[in-house]
Amino acid sequence: MLLAIDIGNTNIVFGIHENDEWINHWRIQTDQLKTADEYEVIFRSLLTAGKICRSSVDKIIISSVVPSLVYPFQEMFRTLFEDAAINTVVPHIYEKLPIKILNPYQIGADLVANAVAAFQKYGSNTMVIDFGTALTFTTIGNNNSILGVAIAPGLRTAVGALAGKTAQLPQIHLTPPPSVLGENTVHAIQAGVIYGFTGLVDSIVERTQNELMQKLTVVATGGLSAVVAPLTKNVKTIEPMLTLDGLMQINSFL
């Protein structure tokens with residue numbers, strides 16, 4: 001039984017994989033101020049509620065873009081799963097993966113996991129769009145290598161900046177409004193953010209394809225992928241579990 005965990009800036013996503021399927025998965029809020037003991041209480045509670053026997057977990061793989069949380073989680077897992085082998089996605093393991101990693105000491109571990117999963121499922125000439133705290137576009141070329149990444153603020157990041165930097169604009173629920181012509185403040189922000197980011201996504205995809213002179217398989221993942229991807233012209237596939245799938249596959253190469 002494998003526990004895969006992706007520690008992001010906004011959320012921590014983790015799941016239990018057994019017999020070729022994810023038998024359970026969870027999403028909790030990232031809090032850099034929480035101690036290992038506090039996270040241990042959360043994990044114990046969720047695993048118990050999910051009827052997961054901790055002694056059955058024999059493999060753990062960690063991906064993190066929050067360096068300060070890596071060690072606390074490693075320590076917590078050593079307590080919760082005494083006999084489990086713990087792997088962490090770090091640059092020195094990338095040479096064991098089936099794709100070549102561009103700038104291994106600069107690319108996020110989550111993007112590597114996404115790329116590995118996308119390559120295994122869809123092959124070369126694939127782009128992964130991750131709708132997270134940052135909106136990222138990772139492109140795998142026909143030589144089995146990551147060609148490059150484009151990064152923009154994520155949707156919630158953009159809305160948070162609007163609410164934080166203006167006196168009268170509120171935080172809103174991110175869902176498509178009835179019209180691009182917002183008739184109230186909430187609908188106006190939803191129109192600008194949802195439809196604006198839809199255009200951003202299509203523009204980056206099309207510019208990338210034009211530069212490569214190659215049609216790409218475009219795959220979306222991340223918390224808000226289900227909101228924006230269906231509105232675009234170029235995203236045909238949504239893979240909610242892509243990052244955890246990639247971590248599971250990375251673990252198999254180690």
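Which elements do the buried residues of α5 pack against? In this predicted model, they pack against β6 (126-131), β7 (134-140), β8 (146-153), α4 (155-165), β9 (217-221) and α6 (225-228).

**View 1. Helix α5 and its buried residues.** Among the buried residues of α5 are I189, V193, I194, F197, V201 and V205. Residues three or four places apart on an α-helix point the same way, because there are 3.6 residues a turn. For length, the 28 residues of α5 (residues 185-212) should span 40 Å at 1.5 Å a residue, and the end C-alpha atoms agree, sitting 40 Å apart.

**View 2. The two ends of α5.** At the start, a side-chain oxygen of N184 comes to within 3.2 Å of the backbone nitrogen of V186. After the helix comes M213, with a positive phi near 55°.

**View 3. I146 in strand β8.** I146 counts as buried, since its relative accessibility is 3%. Its contacts beyond four places in sequence include I99, I101, L102, I107, A115 and I140. V116 is 30 residues away along the chain from I146, with 9.7 Å between their C-alpha atoms.

**View 4. Aromatic pairs around F43.** The structure has 7 aromatic pairs. Ring pairs link F14, W26, Y39, F43, F73, F77 and F81 into a cluster.

Definitions and conventions. Residues are numbered from 1 along each chain as its sequence is written. This is a predicted model: local features need pLDDT of at least 70, side-chain atom pairs count only at pLDDT 80 or more; totals for chains, interfaces and linings use all residues. Side-chain values use heavy atoms; hydrogens and water are left out. Helices (H or I, at least four residues) and strands (E, at least two) are DSSP runs, numbered from the N terminus. The expected span of a helix is 1.5 Å times one less than its number of residues. Buried means under 20% relative accessible area, exposed over 50%, partly exposed in between (1.4 Å probe, protein chains only). Contact means heavy atoms within 4.5 Å. A polar contact is a pair of N or O atoms within 3.5 Å; within protein, one must be able to donate a hydrogen and the other to accept it, and residues adjacent in sequence count only if both atoms are side-chain atoms. Rings of Phe, Tyr and Trp (its six-membered ring) pair if their centres lie within 6.5 Å; planes under 30 degrees apart count as stacked, over 60 as edge-to-face and the rest as tilted.
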